Amino acid sequence: LDSNTLKNESKMVVDFISDYYNNIEKYPVRSEVQPGYLSAKLPQSAPCCPESLEDILKDVSDSILPGLTHWQSPNFFAYFQANASNAGFVGEMLCSGLNIVGFSWISSPAATELESLVMDWMGKLLNLPSSFLFSGNGGGVLHGSTCEAIVCTLAAARDKVLKRMGWDKITKLVVYASDQTHATLHKGTKLVGIPSSNIRSLSTSFSSGFSLSPQTLQEAIENDIKSGFIPLFLCATVGTTACGAVDPIKELGEIAKKYNIWLHIDAAYAGSACICPEFRHYLNGVELADSVSMNPHKWLLTNMDCCCLWVKQPYSLIDSLTSDAEYLRNAATESNNVVDYKDWQIALSKRFRALKLWVVIRRHGLSNLMYHIRSDVKLAKWFESLVGNDKRFEIVVPRRFALVCFRLKPKNGIDGSKLNRQLLFAVNESGRAFMTHGVAGGVYFLRCAIGSTLTEERHVSELWKLIQEKAQTILANATT
Ligand code: PLP
């Protein structure tokens with residue numbers, strides 16, 4: 001590591017990335033390579049002697065870029081986007097440039113203190129109750145993903161109950177969520193040792209917009225109690241992955257309180273929208289939750305990775321996740337006056353993600369962050385109106401944020417699923433755009449998730465033309 005080489009080579013990399021962004025629209029959005037393509041292009045063994053950065057960047061151009069799906073393309077409408085911004089990029093540069101490891105306060109005091117500060121900032125931007133903030137005896141931590149946040153909160157909830165009821169009761173613990181909840185909950189439940197058969201994926205339907213019905217929850221809990229199970233954890237979602245549904249937090253929270261169930265709110269995607277007053281109502285009832293998480297790396301201009309988790313009772317988390325080793329002992333920890341983030345997460349080591357989020361919030365300010373959300377929602381509304389005005393199509397689930405769920409209506413007795421699979425295939429094969437699908441209530445639909453930082457009105461307009469063009473051919477050939 002020497003500073004002159006760092007300066008020269010970083011400049012080369014920054015130039016490379018900046019050229020990439022200049023040309024990003026020229027690449028097929030979804031990679032067109034076949035499995036195993038890379039091993040035919042690159043040596044099978046590591047080099048013995050150092051190689052030049054020029055050679056490496058040439059290989060990135062020739063071999064890596066063709067195998068990328070271009071998440072930052074303005075024509076990327078798949079999954080939920082992974083937002084990038086200049087601020088996110090320079091924040092990430094600072095984070096890896098300083099390359100500290102902030103597992104405990106003493107291992108890098110600024111990393112811990114900035115993380116606590118920025119978590120309070122972010123909590124205030126979302127208008128979370130003060131009980132989730134350090135300033136109100138709660139607190140927040142940055143994880144890499146929602147999955148980690150869920151595993152940690154599940155472990156905290158599990159230990160709180162098992163300490164009281166006995167460790168052999170683990171097979172009796174039950175986790176509740178709707179059938180729209182992200183699969184991460186299932187993974188997390190298994191990881192903390194609760195049998196998968198104890199996850200209640202409660203049915204949702206078109207009539208409720210795919211949100212979890214409080215009555216369905218209440219009945220499931222009562223049934224479980226009658227059968228000798230112990231209700232443990234409820235995961236409610238604000239903005240589900242398939243169709244952007246929102247669970248009624250307040251009503252569900254009241255039930256969770258009644259049965260002493262840990263309520264977690266997964267707002268991975270739509271949490272970002274809740275910085276705007278007009279979307280904040282989706283979090284109403286959050287005061288009844290025990291924990292909340294959202295991913296600024298999805299929709300808040302923060303480069304991967306960054307997931308915010310707030311808890312009301314940090315000690316529940318710490319009790320489950322604390323690790324103790326002689327070499328970690330220090331006076332600051334023993335004073336009990338500091339946060340040691342190693343006890344709030346799975347890993348011991350910790351990146352300085354707070355620096356990135358801090359730069360993102362400062363460089364944009366609340367006003368530009370809100371502008372970013374609102375302009376994506378405006379584009380989504382416009383796309384929704386284009387779909388709505390074409391009689392061949394229908395909106396499948398009412399839009400709430402910047403995700404539009406739509407499909408070609410079934411025609412000539414051909415089921416909608418077949419037509420819409422063909423349509424999605426044709427759109428993605430064109431290389432001009434990339435979308436993914438969802439299924440809710442047994443209906444297969446296309447998802448247009450608007451939110452890539454570079455997406456403008458012209459890209460949405462081109463997407464719609466592409467969809468119409470492909471739909472016309474598919475419908476013309478549609479026979480049973
Ligand atoms: N929860 C929701 C609602 C999501 O949409 C996603 C991913 O899209 C996840 C959880 C998983 O997030 P992560 O990849 O951060 O674990």
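**View 1. N336 sits in the loop between α12 (331-335) and α13.** Helices here are DSSP runs of H or I with at least four residues, strands are runs of E with at least two, and both are numbered from the N terminus. This is a predicted model, in which local features need pLDDT of at least 70 and side-chain atom pairs count only at pLDDT 80 or more, while totals for chains, interfaces and linings use all residues. Residue numbers start from 1 along each chain as its sequence is written. N336 has a phi near 60°, which is a positive value in a residue other than glycine. N336 counts as exposed because it has 6 C-beta neighbours inside 10 Å. (Exposed means 12 or fewer other C-beta atoms within 10 Å of the residue's own, buried means 20 or more, and partly exposed is in between; C-beta atoms are placed from the backbone.)

**View 2. F210 has a positive phi in a buried setting.** You can find F210 in the loop between β3 (199-202) and α7 (214-226). Its phi is near 65°, and F210 is not a glycine. With 26 C-beta neighbours inside 10 Å, F210 counts as buried.

**View 3. The whole protein chain, for orientation.** Of the 480 residues, 45% are buried. Among contacts with a separation of 6 or more, 75% join residues 24 or more positions apart. (Two residues are in contact if their C-beta atoms, placed from the backbone, lie within 7 Å.)

**View 4. The shell around the ligand.** Which residues come nearest to the ligand? They are S145, T146, C147, H182 and A268, out of 15 residues around the ligand. (A residue belongs here if its C-beta atom, placed from the backbone, lies within 6 Å of the molecule.) By type, the shell holds 5 nonpolar, 9 polar and 1 charged. (Ala, Val, Leu, Ile, Met, Phe, Trp, Tyr, Cys and Pro count as nonpolar, Asp, Glu, Lys and Arg as charged, and the others, Gly among them, as polar.)

**View 5. The largest nonpolar core has 129 residues.** (Such a core is a set of buried Ala, Val, Leu, Ile, Met, Phe, Trp, Tyr and Cys residues joined through C-beta atoms within 7 Å.) F77, F233 and L234 touch the most other members of this core. Helix α13 (residues 353-388) gives the most to the core, with 14 residues. Setting aside residues up to four places away in sequence, F233 touches L154, A157, V175, Y176, I261, W262 and H264.

**View 6. Helix α6 (residues 184-191) and its buried residues.** L185, G188 and T189 are the buried residues of this helix. They cover an arc of only 100° around the axis, which puts them on the same side of α6. (The arc is that of the directions from the helix axis to the C-beta atoms.) The buried residues of α6 pack against α5 (146-165), β2 (173-178), β3 and β4 (230-237). Just after α6, G193 takes a positive phi of about 90°.

**View 7. I150 is in helix α5.** Is I150 buried or exposed? With 31 other C-beta atoms within 10 Å, I150 is buried. Beyond its neighbours within four places in sequence, I150 is in contact with T184, L185, G188 and H264. I150 and A82 are 68 residues apart in sequence, with 20 Å between their C-alpha atoms.

**View 8. K470 is in helix α15 (residues 457-476).** K470 counts as buried, because it has 21 C-beta neighbours inside 10 Å. K470 touches L423, A426 and V427, leaving out residues up to four places away in sequence. The C-alpha atoms of K470 and L53 are separated by 43 Å, and the two residues are 417 apart along the chain.

**View 9. A cis peptide bond joins M304 to D305.** The omega of this bond is near -5°. D305 is found in the loop between α10 (296-299) and β7 (307-311).
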